[in-house]
Amino acid sequence: MSPNAADRVPLGCPDRVVSIIDGRPVAVSRDGRDLPVVYPASGETISLLREADEAEVSSAVAAARAAFDQGPWSRMDVNQRKDILYAIRDRLRGHAEELAHLEVLNTGIPISHVQGQVQRMTRNFEFFAEVASTLSGETYTQTSGYLTYVTREPKGVAALISPWNAPLALSSMRIAACIAFGNTCVLKPSEYTPVAVARMVELMHECGLPPGVVNLVNGRGAVTGAALVAHPGIDMVGFTGGTATGRAIMQAAGAKLKPCILELGGKSASIIDCGADLDRALDGALLGIFSNNGQQCLAGSRILVHRAVAERFIARFVERTRNLRIGDPMDPGTEIGPLAYEAHLERVLSYVDVARADGARLLVGGRRVEEARPGYYMQPTAVLAPSNGTRVCQEEIFGPFATFLLYDSLDEAIRIANDSPFGLVCYLWSGDLQAAMRVSRDVRAGTVWINTPMMRELRAPFGGFKQSGVGRDGASSSAEFFTELKTTTIPVDPPALRRLGRDDRE
Ligand code: NDP
């Protein structure tokens, strides 16, 4: 733990975070609720968030509706829209350092990791600009005398709800996918991490984005988020977050038949085969669980090790875990920062007792980093579980908490990987092509990574099986979700028509 993390509260955070509606920040009224925004490394309040109530949510939806229904965004020439998306990319890139700083300040994720996420944020706009500009339709001429063509149209106004674990990367991906096809949106980020996202939305309006295309409302999920999802002016919902919240959102949206895309939680297996390159597997397993302070949906949080190599592998994992550099997230050398907020830290820590009650053995960590109080630091932790049926193997912990399990055959590893309510990703470390092919075929997960830690290919679909989600993000999958299909049929020559109601009918 590097000293002084709590003493070094960086400057540059706005005093207050407010909604941005129709391209303008909303003036703060005298009555209304403020929520504290906290720097997790020190526990200090760094800003206040003004919560948007139902009326404010309604004005945001009205602004998005007007920008969609009256244009110009939804009817704009795609090249013009593309120019604006590229201008956004450049503008955000020009402010990469500032945005990274704000993101660290608000999330506690180490700066070295956040810099990658900021790059990804800028790429999202470029990527979806290209996808939208190469979208094509279908034509059918098989029925003689008729031409039928199928076009894709923007779907309308989206409610986009994003979590706190990668605010810029995740919210920018959904915004870019949504607006590139001509839709408009209202974004609600997590109440815990609104600061960098608000700055991103502000910057987007400084480079030609018409007012009303992207609106921002802030506040708690149960208040602002719920009002947004239920609003009759919303046509579709894009949600990234926990499985329980996803279920509630889909129910609320389903009552009004609004389509949803849901990216939810995971409890993914990281399978370490006995023939794997164990040095690389060790690096990969550590990255898989401890990147982003362990707070990632695609974490390899169940590490399944072949019994033949388990003792040595786990001993090396524990040694490396003890060596992780925990500290000030602003320091480029830091590998693990604080957890996002105190209640979350307490929840993650509570799994140490859950593990003990399950009969699991604590291998390393398991405590709050006391000398870093009031910062929300937790020692990176690993346990060895007696079986996959235990709670630490079945529930998403969403922190720097690895759970080991042993297996004897690939069949058993695949069975364990699949014995989960989730199905987001699976990692395999193996030198055996046959093992790779079997895991790819038989594990029920949306993404399988063989001999690599997370490598998010934006072009390919990403999403979960089972309770890890509904729908996919990606090039064609996002086009599918964010557009409506329209079929138009035109006769080539005037077709013969039955003439109903005429006196001269035969
Ligand atoms: P939550 O589900 O608690 O919250 C996600 C978002 O939903 C927040 O903005 C939250 O607001 C909002 N929200 C909460 N309740 C409601 C409601 N009733 N109506 C509308 N909005 C609501 O998730 P976390 O923020 O805790 O994020 C962690 C979870 O996200 C993990 O389970 C993780 O696996 C998942 N995740 C999935 C990813 C994927 O791609 N599959 C990627 C990243 C994370 P607020 O926080 O302000 O209350």
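1. In the shell around the ligand, α7 gives the most, with three residues; helices here are DSSP runs of H or I of at least four residues, strands are runs of E of at least two, and both are numbered from the N terminus. At least two residues of the shell come from each of α7 (221-230), β11 (236-240) and α8 (243-255). The model is a predicted one, in which local features need pLDDT of at least 70 and side-chain atom pairs count only at pLDDT 80 or more, while totals for chains, interfaces and linings use all residues. Residues are numbered from 1 along each chain as its sequence is written, and side-chain values use heavy atoms, with hydrogens and water left out.

2. The ligand is surrounded by 29 residues, the closest being Glu-191, Gly-242, Thr-245, Leu-264 and Glu-396; a residue is near the ligand if one of its heavy atoms lies within 4 Å of it. By class, 13 of the shell residues are nonpolar, 11 are polar and five are charged, where Ala, Val, Leu, Ile, Met, Phe, Trp, Tyr, Cys and Pro count as nonpolar, Asp, Glu, Lys and Arg as charged, and the others, Gly among them, as polar.

3. Because domain 1 (11-25 + 32-264 + 468-488) and domain 2 (269-450) both give residues to the shell, the ligand lies between them; the domain bounds come from an automatic or database domain assignment.

4. Two peptide bonds deserve a check against the model. The bond from Gly-71 to Pro-72 is cis, with omega near 10 degrees, and Pro-72 is in the loop between α1 (54-69) and α2 (78-94). Arg-373 and Pro-374 are likewise joined by a cis peptide bond, with omega about 5 degrees, and Pro-374 is in the loop between β15 (361-364) and β16 (381-384).
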